[in-house]
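Visitor: Could we go through this structure together? I would like to start with the helices and then move on to other topics.

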Amino acid sequence: MKLARFWRSAADGRVGVRIVHTGQHYDPGMNEVFFSGLGIPKPDVHLDVGSGPPGAQTARILERYEALLMEDRPAAAVVFGDVNST
């Protein structure tokens, strides 16, 4: 939900925005409904973290996001989400 407002503000083209989805919420009721209902485009990158114990889930997020950052270093990152993803 927070991403929707940010996306609308940043989508004017002055700032390059790339949406990275952790994939920890994969149930349509916890994921797709927000993207489609709030007009957010599909994520540019999907980390496919899935479910699991919080420590393992957080470790997968860190590992996969770090690899992404090593490929393409953004000037800044804005993070939305729950405790595990943020």
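Visitor: Which exposed residues does the face of α1 turned away from its buried side carry?

Guide: Please note that this is a predicted model. The face in question carries K2, R5, R8 and S9, which are exposed.

Visitor: And which residues of α1 are buried?

Guide: In helix α1, which covers residues 2-10, the buried residues are L3, A4 and A10. They cover an arc of only 140 degrees around the axis, and therefore lie on the same side of α1.

Visitor: What do the buried residues of α1 pack against?

Guide: They pack against α2, residues 32-38.

Visitor: Let me step back to the whole chain. How many helices and strands are there?

Guide: The protein chain has three helices and two strands. Read from the N terminus, the order of the elements is α-β-α-β-α.

Visitor: What radius of gyration does the chain have, and what would one expect of a compact globule?

Guide: For 86 residues, a compact globule would have a radius of gyration near 12 Å; the protein chain has 13 Å, which agrees. Along the principal axes, the C-alpha atoms fill a box of roughly 40 × 30 × 20 Å.

Visitor: What share of the residues counts as buried?

Guide: Of the 86 residues, 22% count as buried. The accessible surface of the chain comes to about 6100 Å², and 58% of that belongs to carbon and sulfur atoms.

Visitor: Among contacts between residues at least 6 apart in sequence, what percentage joins residues at least 24 apart?

Guide: The figure is 60% for the protein chain.

Visitor: Which residues of α3 are buried?

Guide: Q57, I61 and L68 are the buried residues of α3. Because they cover an arc of only 35 degrees around the axis, they are on the same side of α3. As a general point, an α-helix has 3.6 residues a turn, so residues three or four places apart point the same way.

Visitor: What do those residues pack against, and what is on the face turned away?

Guide: The buried residues of α3 pack against β1 (20-21) and β2 (45-46). The face turned away from the buried side carries the exposed residues G55, L62, E63, E66 and M70.

Visitor: Q57 interests me. What is its relative accessible area, and which residues is it in contact with?

Guide: The relative accessible area of Q57 is 6%, so this residue is buried. Leaving aside neighbours within four places in sequence, Q57 is in contact with Q24, V49, G50, S51, G52 and N84.

Visitor: A change of topic: which residue has a positive phi although it is not a glycine?

Guide: D48 has a positive phi of about 50 degrees. Most residues other than glycine have a negative phi. D48 lies in the loop between β2 and α3.

Visitor: Is D48 buried or exposed?

Guide: D48 counts as exposed, at 54% relative accessibility.

Visitor: Lastly, how many salt bridges does a search of the whole structure find?

Guide: The search finds one. The side chains of R18 and D72 meet in this salt bridge, at 3.5 Å from N to O. R18 lies in the loop between α1 and β1 and D72 in the segment after α3, so the pair ties together parts that are 54 residues apart in sequence.

Visitor: How accessible are the two partners?

Guide: R18 is partly exposed, with a relative accessible area of 35%. D72 also counts as partly exposed, at 42% relative accessibility.

How values were computed. Residues are numbered from 1 along each chain as its sequence is written. This is a predicted model: local features need pLDDT of at least 70, side-chain atom pairs count only at pLDDT 80 or more; totals for chains, interfaces and linings use all residues. Side-chain values use heavy atoms; hydrogens and water are left out. Buried means under 20% relative accessible area, exposed over 50%, partly exposed in between (1.4 Å probe, protein chains only). Helices (H or I, at least four residues) and strands (E, at least two) are DSSP runs, numbered from the N terminus. The arc is that of the directions from the helix axis to the C-beta atoms. Contact means heavy atoms within 4.5 Å. The radius of gyration is taken over C-alpha atoms; the globule rule is 2.2 Å times the number of residues to the power 0.38. Accessible areas come from the Shrake-Rupley method with a 1.4 Å probe; for residues, only the protein chains shown count as cover. A salt bridge is a side-chain nitrogen of Lys or Arg within 4 Å of a carboxyl oxygen of Asp or Glu.
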